[in-house]
Amino acid sequence: MLKTEKDIQKSVSICYELIQYMKKHRETLCMKDIIYTKIIMFWRNVAFFERSNIRKDIKECYYNYFVKPALEYLNRKNKGALQCIQCGNPINASLGMGMSWLNDVGIDMERKRSHFWNFNPDTYICPVCALVYSCVPLGFTVVGGEAIFINNNESIHTLVAEKDIFERGGEKYTTLNQLYYKVLYSFIDDAAQEQTREIQNIQIIRRVSVDTDTGKYVFNTLSKPLLEILKACKSNFKNLINWTFKKDKDTYVNVYQEVANNFFSGRNQYALVHAILQKVFTENLRAPYVRDILQIQRRRMRKFYSEEGGSEAMYISRKEFDAAYNEGLRIRREYANTVTNVKGDNDKNMKINESLRSFVYPLLLALKTKDKAKFNDTMFRFYVGRNESIPKILIEMQQSDEKFQMLGYTFIAGLQGESLNSENAENIVNEEGE
């Protein structure tokens, strides 16, 4: 009606009526919003989600399905011979509830009896546990399209305190524009400042959407060493924010998100770096912060290899990293000096990339397949053609596969040019033995 109404006075009148209607039913509208944007992420198909209850009072539906059965169960003397699979209290089949209403947790015992011994379902939970499970959404903080739970399970008070940090953060943590890992980093920084003791381990449980109807739980455990690396790489991560590149015709990769996913999941960054560098020399794209990605990978390797007794061959110092990068940068600058009669920087970079392409492609393939012989052969031909000896760093880097890939990709990162913002004093983290 409002869309089709052309008279301004009538439109104002309709808007006024709508506002009054919304004020009158404010509580119901707010609860519906909470149900279909928050609660539905964790459970559905029971209580006020049932089709028969769609027009009934929301509070009454919740009370009748969860609170009332829990009270009756506590007052009941003969509770049954079965056990609740969560708390172990006695129940029977009529008292117990299945867990299929919890997203990605239980199975439908009525439809899938073949999962149980002798087709006899016995994975019931008591009404009290069902009531507790229904409160799961209260423990999560929704950030954009995801929900986050900080599982510091030292005590209930600690869990509440962790969530309060989110709540006090306001828009700092809940803005839709914030990426999850940026939010997480800010949270860890604030949490560390507020706690008098050192944070040893932090378990992060996320509820993320796969599509409009389904989601999944993602678990990340941040150990003390990982938190220390995260702090050391603060400026590197900051440089990656808002950097996106086109991987193929229909796929865009958010570099910040991809690097952070790899970092927290324990995966290396080489596949991402390979894809970026290949695009740089194929399509003449700018990739200013590849060095930051490799610095994050190096610091992660360094920390874990030193603390877990890794071999010295896997240890990569800042000096080695810079030597490989600067050698690549030296070659690019020399090629740049030979390029003349071009109008702008873009044309100049294109000419340099075209000149280096036949050298870079075999190197990238050798690094991807860890083919040291192919890498050596390509290097030998290139440096002999320049009447130069192969630099020491490009020979010593072949002591291990990790060192080979790390310093190999760092060398090519130098070949593609300098970062837009060269590292300054605050970017450099002091490391022993460098």
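**View 1. The cysteines of this predicted model form zero disulfides, a disulfide being a pair of cysteine sulfur atoms within 2.5 Å.** In general terms, a disulfide is a covalent bond between the sulfur atoms of two cysteines. The sulfur of Cys87 has its closest cysteine sulfur in Cys84, and because the two are 3.6 Å apart, they are too far for a bond. Cys87 counts as partly exposed because its relative accessibility is 38%; here buried means under 20% relative accessible area, exposed over 50%, and partly exposed in between, with a 1.4 Å probe and protein chains only. Cys15 is partly exposed too, at 32%.

A note on reading these views: this is a predicted model, where local features need pLDDT of at least 70 and side-chain atom pairs count only at pLDDT 80 or more, while totals for chains, interfaces and linings use all residues. Residues are numbered from 1 along each chain as its sequence is written, and side-chain values use heavy atoms, with hydrogens and water left out.

**View 2. Helices α3 (residues 58-75) and α4 (residues 127-134) pack against each other.** Their axes are 8 Å apart, at an angle of about 145°; axes are lines fitted to C-alpha atoms, for helices over the stretch in contact, and angles run from 0 to 180 degrees between N-to-C directions. Helices (H or I, at least four residues) and strands (E, at least two) are DSSP runs, numbered from the N terminus. Look for Tyr62, Phe66 and Tyr73 among the α3 residues that meet α4, where the partners include Pro127, Leu131 and Ser134; contact means heavy atoms within 4.5 Å.

**View 3. Asn151 sits in the loop between β4 (146-150) and α6 (156-169).** Its side chain makes a polar contact of 2.4 Å with the side chain of Gln203; such a contact is a pair of N or O atoms within 3.5 Å, where within protein one must be able to donate a hydrogen and the other to accept it, and residues adjacent in sequence count only if both atoms are side-chain atoms. Leaving aside neighbours within four places in sequence, Asn151 is in contact with Leu159, Gln203 and Ile205.

**View 4. Gln295 lies in helix α13 (residues 290-307).** With 0% relative accessibility, Gln295 counts as buried. A polar contact of 3.1 Å links its side chain to that of Arg298. Gln295 and Cys233 are 62 residues apart in sequence, yet 7.9 Å apart in space, C-alpha to C-alpha.
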